[in-house]
Amino acid sequence: MKKAVAAKKSGAKDADGAAPSRLIDGRIRELGDWRGEMLSRVRGLIKQADPDVVEEWKWRGVPVWEHDGIICTGETYKAVVKLTFARGAALDDPAGLFNSSLDGNVRRAIDIREGEKIDEKALKALIRAAVELNASKEKPAKKRPA
């Protein structure tokens with residue numbers, strides 16, 4: 001007998017009962033430094049670019065933004081806030097925001113260091129392009145063997 005799997009909705013709760021948005025709020029407060037401020041800022045830009053974005057909390061504590069699939073994750077490390085775009089290799093990046101994970105076939109990332117400025121217009125355009133790509137259900141191009 002197959003179990004039906006319900007899709008998570010915005011505001012759905014995780015196993016410990018907290019909504020993903022509250023867990024992200026908690027992470028921002030917990031960081032308490034430039035990384036929390038930056039995570040909060042990029043979160044706001046993501047929501048501006050896609051008001052229908054769904055926030056999730058996955059992989060034991062990673063903020064994830066979804067719309068018809070994963071748009072990007074927001075990981076925090078000692079020296080960077082990393083936005084990893086799930087299908088970034090398939091996105092045009094005319095502003096050259098992607099500066100990490102450039103060799104992969106699927107993902108691309110933006111590492112933001114303390115004091116760096118964000119090109120807000122370019123980031124929002126990248127978010128919207130990721131949403132459009134997810135909505136198209138277009139498969140990422142596979143590399144052909146040489």
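User: Which element gives the most to the lining of the largest cavity?

Analyst: α3 does, with 3 residues. The elements giving two or more residues to that lining are β3 (70–76) and α3. Helices (H or I, at least four residues) and strands (E, at least two) are DSSP runs, numbered from the N terminus. This is a predicted model: local features need pLDDT of at least 70, side-chain atom pairs need 80 or more, and totals for chains, interfaces and linings use all residues. Residues are numbered from 1 along each chain as its sequence is written, and side-chain values use heavy atoms, without hydrogens or water.

User: What makes a residue part of that lining?

Analyst: An atom within 4 Å of a cavity point, on a 1 Å grid where a 1.4 Å probe fits but cannot get out. Ile70, Ile71, Phe85, Ala86, Arg87, Gly88, Leu91, Ala130, Leu133 and Asn134 line the largest cavity. By class, that is 7 nonpolar, 2 polar and 1 charged residues. Asp, Glu, Lys and Arg count as charged, and Gly counts as polar.

User: How many cavities reach 30 Å³ or more?

Analyst: The count is 1. The largest cavity has a volume of about 30 Å³.

User: Why is α2 called oblique to α3?

Analyst: Helix α2 (residues 34–49) and helix α3 (residues 120–136) pack at about 55°, with axes 9 Å apart. Under 35 degrees is roughly parallel, over 145 roughly antiparallel, 65 to 115 roughly perpendicular, and the rest oblique. So α2 is oblique to α3. The crossing is right-handed.

User: Which residues of α2 and α3 meet?

Analyst: Contact means heavy atoms within 4.5 Å. Arg41, Val42, Leu45, Ile46, Gln48 and Ala49 in α2 meet Glu120, Leu123, Lys124, Ile127 and Arg128 in α3. By class, this contact has 6 nonpolar, 1 polar and 4 charged residues.

User: What describes the packing of α1 and α2?

Analyst: Helix α1 (residues 20–31) and α2 pack at about 145°, with axes 7 Å apart. Their contact has 4 nonpolar, 3 polar and 4 charged residues.

Conventions: Axes fitted to C-alpha atoms, helices over the stretch in contact; angles between N-to-C directions. Left-handed = near helix turned anticlockwise from the far one by under 90°. 1 Å grid on protein atoms, 1.4 Å probe; cavity = no way out; pocket = protein on both sides within 12 Å on 5 of 7 lines; lining within 4 Å. Points joined across faces, edges and corners; volume = space filled by probe spheres on them.
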